[in-house]
Amino acid sequence: MLQIAVTGKPNVGKSSFFNSATLSQAEVANYPFTTIDVNTAVAYITAECPCGELGVTCNPRTGKCVDGTRYIPVELIDVAGLVPGAYEGKGLGNKFLDDLSQARALIHIIDASGSTDEEGNPCDPGSHDPLDDVNFLREEITMWVYSILQRNWPRLIRKVMSEHLNFAKVISEQLTGVGITIDDVIEAERIMDDNYDKWEKDDILRFLDKLLEISKPIIIVANKMDTPEAEENIRRLQEEYDKVIPTSAESELALVNARSTGLIDYVSGEDHFEVLDESKLKDKQRMALEYIDTNVLKKYGSTGIQQTLNRAVYELLDQIVVYPVEDEHKYSDQKGNILPDALLIPHGSNPRDLAYCIHTDIGEGFTHAIDARKNMKISSEQVLEQSDIISIISNK
């Protein structure tokens, strides 16, 4: 299951985002370091399920399908708040960094209202510039990885140069615990020259910046978008950075809670909700729902939580959804479950890659694949597309 970390300073709404996205109950409070121990839970991205197109009723083994929308599980990691200087041990320091080491992507929560200072303490709304909070996360992670490498850098480079070893292999072996692969290093290395023994500190940092951009891409979440101070800050953030999503985690949490108690009908990611019984609403609840409707849903089109999850997986990690089946005629597995699995795989994958994603043995025994929609054999090198339904034929 893909792992995505929810990161940022203390007190910017990370746990509220986590709770609303996963329906978990991580503690939420208005002071730094509420989340001391790492929390993990399942969240869901969405995709259009082929069941409607095919006129069948699917039976998901994981996740669910609601009115033709498939909910596909990913793992969210809610880690302790990060403060500047964490790589030197400030705040909760390296614990934060260790917690996110295996995450494939980072959701960076920013307080768009400017009501938390650089240490994560509450301050007057608008008194802190949220743009100052964007770059420090990448800088902290880069310096953390640099601190891992720099102790052994001279020895490693001497070994690479004298024994003509593969630089990417040597570096990736040193950074396995950070979740960095040899392919990540090879791609990052392209921006550098191969005179490794001539690299200064700035060269190493430039290389690591690129490496982390590849191995741990970041999406920026401008939280608390419903506050008066947020609108201008969101505009400035979107002008400066590519992937910025306005959100209101508190609004999503309120809507999810209202739905769970039967007060409203609401689908996460949509721009509206329906009150099921006006007589059951207390005045405070009615006012809160009216506020969310006016200042969040009508203004921004959604709370931004589902959009963040989807964009993190589809855009940041460049994944597609493919449906493997065993019986290409019935779109089912051996037990008769229709469209039982929705797998996330990298864009550009082929049927052989899919076979290995299902199970190593199936990948090793791969013989060919069948496109279930067309009921025809396809090349093992054919690039798969979003929502493909594929039957893998294996001799194992």
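User: Which helices and strands each supply at least two residues of the lining of the largest pocket?
Analyst: Keep in mind that this is a predicted model. On the helix side you have helix 4 (134–150), helix 7 (182–189) and helix 8 (201–215). Strand 4 (69–78), strand 6 (218–223) and strand 11 (343–346) also give at least two lining residues each.

User: What volume does the largest pocket have?
Analyst: The largest pocket comes out at about 1,200 Å³.

User: And how many residues line the largest pocket, and which lie nearest its centre?
Analyst: There are 40 lining residues, and R104, I214, P217, L316 and L317 lie nearest the centre of the largest pocket.

User: What's the lining like by class?
Analyst: The lining of the largest pocket has 19 nonpolar residues, 13 charged ones and eight polar ones.

User: You mentioned strand 11. What order do the strands take in the open sheet of five?
Analyst: The order is 11-10-14-12-13, with mixed pairing. Strand 11 and strand 13 (376–378) are the edge strands, each pairing on one side only. On average, neighbouring strands in this sheet are turned by 45 degrees against each other, ignoring direction.

User: How many bridges are there between strand 10 and strand 11?
Analyst: Four bridges, and strand 10 (residues 319–325) runs antiparallel to strand 11. To find one spot to look at, go to I320, which stands opposite I345 in strand 11.

User: Why is strand 1 called largely enclosed by the rest of the structure?
Analyst: Because five of the six residues of strand 1 (residues 3–8) are buried.

User: New topic: how many disulfides does a search of the whole structure find?
Analyst: Zero disulfides turn up. C49 is in none, and its nearest cysteine sulfur, that of C51, is 3.6 Å away. The cut-off for a disulfide is a pair of cysteine sulfur atoms within 2.5 Å. C357 is in no disulfide either; its nearest cysteine sulfur, that of C49, is 19 Å away.

User: Is C49 buried or exposed?
Analyst: C49 is buried, at 4% relative accessibility. C357 is partly exposed, with a relative accessible area of 44%.

User: Now the backbone. What phi does D67 have?
Analyst: D67 has a positive phi of about 50 degrees, although it is not a glycine.

User: Where is D67 found?
Analyst: Look in the loop between strand 3 (64–66) and strand 4. D67 is exposed there, with a relative accessible area of 78%.

User: How about S387, what's its phi?
Analyst: S387 has a positive phi of about 75 degrees and is not a glycine. You'll find S387 in the loop between strand 13 and strand 14 (389–394).

User: And is S387 buried or exposed?
Analyst: S387 is buried, with a relative accessible area of 13%, whereas D67 is exposed.

Conventions:
Residues numbered from 1 in each chain as written. Predicted model: local features only at pLDDT ≥ 70, side-chain atom pairs only at ≥ 80, totals over all residues. Heavy atoms only, no water. Buried < 20%, exposed > 50% of the residue type's maximum accessible area, 1.4 Å probe, protein only. 1 Å grid on protein atoms, 1.4 Å probe; cavity = no way out; pocket = protein on both sides within 12 Å on 5 of 7 lines; lining within 4 Å. Points joined across faces, edges and corners; volume = space filled by probe spheres on them. Nonpolar A, V, L, I, M, F, W, Y, C, P; charged D, E, K, R; others polar. Pairing = 2+ DSSP bridges. Axes fitted to C-alpha atoms, helices over the stretch in contact; angles between N-to-C directions.
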